[in-house]
Structure formats: C-alpha cells, structure tokens
Amino acid sequence: MLRSWKKTIATLVALSALVCAVPALAGDVLRMATTTSTQDTGLLDALGPAFQKDTGIELQWTAVGTGKALKLGEDCNVDVLMVHAPQSEKEFLDKGFGMDRKEIFYNDFVIVGPLKDPAKAKGKTVAEALKAVSAAKASFVSRGDDSGTHKAELKLWKAAELPVPDKESWYISAGQGMLATLAMAAERGAYTLVDRGTWYKYEADQKGKAPLTILVEGDKPLLNQYSVMPVNPAHCPGVRADLAKKFSDWITSAKAQKFVGEFKVAGKPLFTPNAKK
C-alpha cells in the first residue's frame, strides 16, 4: 500500500511538472529567423527582452543570411522573419510562403576599405567606386553567403554595368557573416560592403584603431530596408501565426519603433524606424 501511494504521488508530481513546462516549451515561444546584422549589432539582445516584457512571449531566433532565413521560413522551421532583401521577400510572398510583410526600419550600406585606399574610391558614387576597384584589381571581400548584404552587393555590380568578378583572383568570397567578413577585409587590406549598424559595432570594437574606413556612403542605391514577415500558415499549418502577428504588431507599434530608433552603439543610432500602420 505504501509503495502504491508513493507511486501515485510521484506520478502526480511528474504530471504537474509536465503541465508547468508546456507553456515555456510551446505555448509562448516565437521562433524567428533573422539576419546576422540584427544580432551582431546587439539589437536582438535588447529587443527580445523588451518584447517578452510587453507580451509575455519568449523570442527565440536564428541569425543567418537573409537567403538562409527565407529558406527556414519556406521549410516551416520558424514562425516569423525579420530580413533585409526586399526583392527576395516579395518573391517569397508571391510563392505563398509568407504574408503581411511590413517595413519596420532601415539603415544604409557603406563601402569600407583600407586607409590608403589604393583604388582611390573615396568620395565616389557606388558605381564609380566599384569601377575603380575593378580597374585597379584591388582586393574586395564579398559576403558570398546569399545574405541580404550579399544580394545588395550583386545588384550594385550590375547597376555599375560590371559583371560580378567572381572569377577574378582579387575578388574573395568569405561565405561568412558580416563581422567575419570585415575581419578578412582588414587582414587582406581589402574593400567590402557592410551595413552601417554592423560597421559601427566593428568600429567600436577596434577602439579607434580600425584598419578600415568608410570610403563611399550616402548614395541612393545604398539604402538598406528591413521588414517583418510572418510565415503563412496556409503553407505551414504548424507555425504559431498568432504569436507571429503579435510580434509584427509589436515591432510596428509606436513604443517599439521608439525603442529601435533610440538603440545605439558607441553613442550612434543604428536604425531609423519607418513602420506604417
């Protein structure tokens, strides 16, 4: 009888623990695929707790290039996307993989390079700078990872009426995230394209001794727009569309937009909020 009573108590304790664990494991956890820039800048580490405080929903994310993030959505491995490759996002929507895309904030890309600037790219337009780099056969490090930054770079070569120099010895494909690409460019005395937010983070980490510097900025093609996009439950029945909508509504709210606009690294704002209700 005593053994039976103890077994019943143990079973009740186990069931109680299981019931308590369910909300934390599945009920209030939102899975997001996003870009390395939002992680490298520290934005996600600040955004996640703020979202959970306001909604009670835990945000779990995977930071990869935008191409890989979109693939995670297509394969139903996440509930929502926060990415920065507008053309690819629209194709994702057209295929029925995503829904309700909303622009949320932007920054811009810059071309950075060695202090000596062997290609004399400083102050030129993007097209002029890429032509100068190509003519000088100066080293250029590409993300090479199908990220939003990589997609933007490929468009810039095309807009400059130049073939992507992926067969040239001076063009190096990193196949890595932005901070790793910057480190490679610094090591090789090369040029690269980087979003301004990640550049500020890199620059701050160098404590005034960065071997690279901004050479091209402010040109219209360098705009870098970020968007939020829930995965379509019609394509992926198992996704938490309800939680994805809550995140989309939250990130476009006045409170969250103010939070993003005031987020800084080394005293410098990284993103400009531009959500429209």
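Modeller: Start with C236, which is buried at 1% relative accessibility. Buried means under 20% relative accessible area, exposed over 50%, and partly exposed in between, with a 1.4 Å probe and protein chains only. This is a predicted model, where local features need pLDDT of at least 70, side-chain atom pairs count only at pLDDT 80 or more, and totals for chains, interfaces and linings use all residues. Residues are numbered from 1 along each chain as its sequence is written, and side-chain values use heavy atoms, with hydrogens and water left out.

Colleague: Which residue does C236 join in a disulfide?

Modeller: C76, with the sulfurs 2.0 Å apart. A disulfide here is a pair of cysteine sulfur atoms within 2.5 Å. C76 is partly exposed, at 28% relative accessible area.

Colleague: What parts of the chain does the pair tie together?

Modeller: C76 sits in the loop between α4 (66-74) and β3 (80-83), and C236 in the loop between β9 and α10, so the link ties parts 160 residues apart in sequence. Helices (H or I, at least four residues) and strands (E, at least two) are DSSP runs, numbered from the N terminus.

Colleague: Left-handed or right-handed?

Modeller: Left-handed, with -75° about the S-S bond between C76 and C236.

Colleague: How many disulfides in total?

Modeller: The count is one.

Colleague: Switching to charges. How many salt bridges?

Modeller: The whole structure has 17. The rule is a side-chain nitrogen of Lys or Arg within 4 Å of a carboxyl oxygen of Asp or Glu.

Colleague: Give me one. What does E217 pair with?

Modeller: R196, with the closest N and O atoms 2.8 Å apart. E217 is in the loop between β8 (212-216) and β9 (223-230), and R196 is in helix α9 (residues 196-205), so the bridge ties parts 21 residues apart in sequence. R196 is buried at 15%, while E217 is partly exposed at 46%.

Colleague: And K268? Which residue does K268 meet?

Modeller: E203, at 3.2 Å from N to O. K268 is in strand β11 (residues 268-269) and E203 in helix α9, 65 residues apart. K268 is partly exposed at 32%, and E203 is partly exposed at 28%.

Colleague: What about K245 and D249, how are they placed?

Modeller: They are four residues apart in helix α10 (residues 241-251), so about one helical turn separates K245 from D249. Their side chains form a salt bridge, 2.8 Å from N to O.
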